[in-house]
Amino acid sequence: EDGYRLWQRYDLLQNKPLVKEYQKALGQLVVQGSSPTLSIIEDELSTGLSGLLGQPFSAAENPEKKNVLLVGTPATSPVLKGLGLEDKLKAVGKDGYLLLSRKAGGKNYTVVAANTEVGALYGSFHLLRLLQTQQRINNLDISSSPKTQHRILNHWDNLDRTVERGYAGFSIWDWHKLPDYIDQRYLDYARANASIGINGTVLTNVNANSLVLSEEYLKKVKALADTFRPYGIKVYLTARFSSPIELGKLKTADPLNPEVKAWWKNKVEEIYRHIPDFGGFLVKANSEGQPGPQNYNRSHADGANMLAEALAPKGGLVMWRAFVYDDKVPDDRHKQAYTEFKPLDGKFLPNVMVQVKNGAIDFQPREPFHPLFGAMPKTPLMMEFQITQEYLGQGTHLAYLAPMFKETLMADTYAKGKGSTVAKVVDGSLDNHYHSGMAGVANIGNDRNWTSHPFGQANWYTFGRLAWDYNLTSEAIADEWIKMTFSGSPTLVSTVKQMMMGSREAVVNYMTPLGLHHLMGWSHHYGPGPWIKDKPRADWTSVYYHRADEKGIGFDRTRTGSNALSQYAPEVQALLQNPATCPEDVLLWFHHLPWDWKMKSGRTLWDELCYKYSEGVDSVRAMQKDWDSLQGQVDKERYQQVKQYLAIQEKDARWWRDACLLYFQTFSKRPIPQALEKPAGTLEEYMKIDPKFAPGI
Ligand code: BDP
């Protein structure tokens with residue numbers, strides 16, 4: 001049991017009466033018509049149903065039995081067309097679908113209907129999920145359609161197969177063997193994505209290599225695009241802004257230069273000759289050393305629009321990232337994206353989306369929502385989440401990210417009064433945008449189980465489910481995933497769910513509680529390094545962010561400090577600016593407070609910090625206990641894997657707690673409260689630990 005099958009295991013269901021009910025209701029599978037997508041539907045349903053129900057389930061062209069599972073669109077299936085679903089179908093749009101129970105012509109139909117074949121594929125996966133999670137299917141009346149239009153994985157994969165911030169092996173794209181060899185993994189990747197509604201993939205790293213735009217590589221990209229197309233997945237590439245110089249041998253990449261414009265136009269023509277439904281470009285420009293329009297004194301809008309003009313006739317998109325900061329700008333890094341992008345609102349062409357990370361710094365375990373959400377009403381803003389756990393224990397810590405993603409999506413920007421959630425900005429409904437989207441930086445590699453930690457799979461799953469419907473609760477998503485990935489046993493489901501639901505908060509507590517952030521070690525981003533200072537960029541150090549001194553700790557982002565708070569709506573400012581009312585989970589993000597500051601618990605800030613760090617360690621220990629209690633209920637291989645990872649996580653949690661508390665204690669000069677476990681090592685020892693090796697302390 002190696003985890004390769006993800007949540008698509010299709011093993012025989014153990015609930016015999018329910019299996020009987022399913023067998024009876026689904027009788028015979030009818031998929032009329034033929035096309036690559038319809039074949040995929042047929043294969044998936046016959047494999048899935050045969051496995052789950054323990055009897056062969058083959059597809060027929062016409063309904064012969066009394067009970068029929070009918071799948072398709074009115075265009076592909078005359079029987080389905082005859083069911084009179086026009087009005088219902090109109091309401092679910094291009095990607096949506098219906099799951100219905102219908103009687104007609106003396107037969108009982110279970111219907112999966114959609115306007116497009118890809119919609120029917122999504123519906124088929126939903127039906128399988130109902131069975132996998134053991135739901136009744138007798139009186140189905142479900143209609144579902146996605147909240148966001150572009151649901152895209154961002155792979156930070158390099159052409160040499162290393163993956164930036166990838167912790168699950170090497171890139172799954174085997175460029176050397178492409179275009180002639182189509183690895184089975186590509187098909188399984190597409191199946192998994194389609195099962196959660198993901199409809200786009202950016203194949204390459206945001207720190208881009210122009211080589212991928214060369215003719216040779218485009219042939220390889222075409223092979224992947226052809227593979228993914230029947231699953232409804234479009235391919236996108238990252239565009240290195242200096243490509244006209246590197247590939248085209250031009251002297252400049254100035255976006256207003258006619259030769260540069262012509263080069264991109266031709267390049268886009270060439271791409272579409274290979275890939276007629278190419279999705280478009282994702283661009284990181286003038287950020288962390290990447291080239292961009294500012295090299296030529298042009299704005300982000302000039303750069304994005306130049307590419308957008310080339311793509312528009314083909315229907316392609318530009319996803320222009322707002323992740324920009326520069327330590328030459330003598331201001332809080334928190335403010336820079338807003339400062340640069342807000343004035344550009346209204347200046348982007350209609351096929352440009354600005355892609356904004358969930359928070360203003362960089363994928364920390366907890367960040368308040370990015371102030372750009374709600375601040376650019378004339379521009380469709382795409383959400384960028386990070387599924388790969390760069391700052392949350394990478395490939396070895398269990399951190400279920402649904403609560404983190406939801407926290408941002410449900411945050412209120414107050415841009416148009418109460419209820420203007422980030423989700424409504426992102427789905428385009430707040431400002432009536434045509435384009436809407438969510439991107440997730442993938443945690444997928446060529447490890448046998450795709451994500452290194454078996455629970456990393458849950459975060460991939462969650463991303464797709466929330467991009468489809470952000471109203472799903474974290475609990476509901478966990479529930480589905482656990483049942484499909486492990487089993488439906490009630491004790492297993494409730495125990496694993498409990499572990500998952502508390503896991504992200506555990507990470508926050510043992511790494512960066514109370515709004516602390518960016519305390520990790522230099523460059524590796526794995527273990528603690530609150531002492532990091534004197535680096536080439538101040539905004540890459542830890543001391544820049546925690547500002548601990550003898551008086552206290554935290555970053556004053558109110559009027560008396562950097563005033564980053566002023567970038568939020570007045571209602572948000574009102575909530576956060578007073579340390580007495582500011583939610584404590586972001587307190588030190590916005591305030592520098594004395595060590596003796598009175599917390600809501602009645603403790604001093606210093607004591608509270610000690611308690612929070614300890615709580616983080618305790619939560620990991622509780623997860624260990626929970627997991628131990630499942631011995632025998634989970635297959636040996638995955639049981640052992642998770643057990644070992646939890647042991648690493650416990651050790652790392654202590655490492656974080658002890659290193660951070662000993663370091664902050666040099667400023668607070670207060671004892672760690674009596675009741676709490678004391679650090680095992682000394683600060684000097686922790687400071688010497690090479691992050692490449694697990695701490696021996
Ligand atoms: C940071 C990563 C870095 C990425 C950068 C980005 O540390 O590797 O290139 O974000 O998003 O989180 O561009």
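Me: Are Asp332 and Arg557 buried or exposed?
Reply: Asp332 is buried, and Arg557 is buried too. Buried means under 20% relative accessible area, exposed over 50%, and partly exposed in between (1.4 Å probe, protein chains only). This is a predicted model, where local features need pLDDT of at least 70 and side-chain atom pairs count only at pLDDT 80 or more, while totals for chains, interfaces and linings use all residues. Residues are numbered from 1 along each chain as its sequence is written, and side-chain values use heavy atoms, with hydrogens and water left out.

Me: What do Asp332 and Arg557 form, and how far apart are the closest N and O atoms?
Reply: They form a salt bridge, with the closest N and O atoms 2.7 Å apart. The term stands for a side-chain nitrogen of Lys or Arg within 4 Å of a carboxyl oxygen of Asp or Glu.

Me: Which parts does that pair tie together?
Reply: Asp332 is in the loop between strand 11 (317-321) and helix 11 (333-341), and Arg557 is in the loop between strand 15 (552-553) and helix 18 (570-576), so the pair ties together parts 225 residues apart in sequence. Helices (H or I, at least four residues) and strands (E, at least two) are DSSP runs, numbered from the N terminus.

Me: How many salt bridges does the structure hold?
Reply: 48. One of them joins the side chains of Lys669 and Glu550, at 3.3 Å from N to O. That pair links distant parts of the chain, 119 residues apart: Lys669 is in the loop between helix 21 (636-668) and helix 22 (683-688), and Glu550 is in the loop between helix 17 (543-546) and strand 15. Both Lys669 and Glu550 are exposed.

Me: Which residues are linked in a network of salt bridges?
Reply: Arg621, Glu650, Arg654, Arg657, Asp658 and Glu677. Arg657 also touches Ser614, as does Leu676, not counting residues up to four places away in sequence. Contact here means heavy atoms within 4.5 Å.

Me: And where is Ser614, then?
Reply: In helix 20 (residues 605-628). Ser614 is buried, with a relative accessible area of 7%.

Me: Switching to the ligand. Which residues are closest?
Reply: 15 residues surround the ligand, and the closest are Glu164, Lys284, Arg321, Asp362 and Glu390. The cut-off for being near is a heavy atom within 4 Å.

Me: How far is the polar side-chain atom of Glu164 from an oxygen atom of the ligand?
Reply: 2.3 Å. For Lys284, an N or O atom in the side chain is 2.6 Å from a ligand oxygen, and for Asp362 a polar side-chain atom lies 2.7 Å from one.

Me: What else does the side chain of Asp362 meet?
Reply: The side chain of Lys357, in a salt bridge at 2.8 Å, N to O. Lys357 and Asp362 are both buried.

Me: Now the barrel: how many strands, and in what order?
Reply: Eight strands close into it, in the order 7-8-9-10-11-12-13-14, with parallel pairing. The twist averages 25 degrees from one strand to the next. Two strands pair if DSSP finds at least two bridges between them; strand 7 (residues 150-154) and strand 8 (residues 200-202) have three.

Me: Who stands opposite Asn154?
Reply: Val202 in strand 8.

Terms used
Axes are lines fitted to C-alpha atoms, for helices over the stretch in contact, and angles run from 0 to 180 degrees between N-to-C directions. A polar contact is a pair of N or O atoms within 3.5 Å; within protein, one must be able to donate a hydrogen and the other to accept it, and residues adjacent in sequence count only if both atoms are side-chain atoms.
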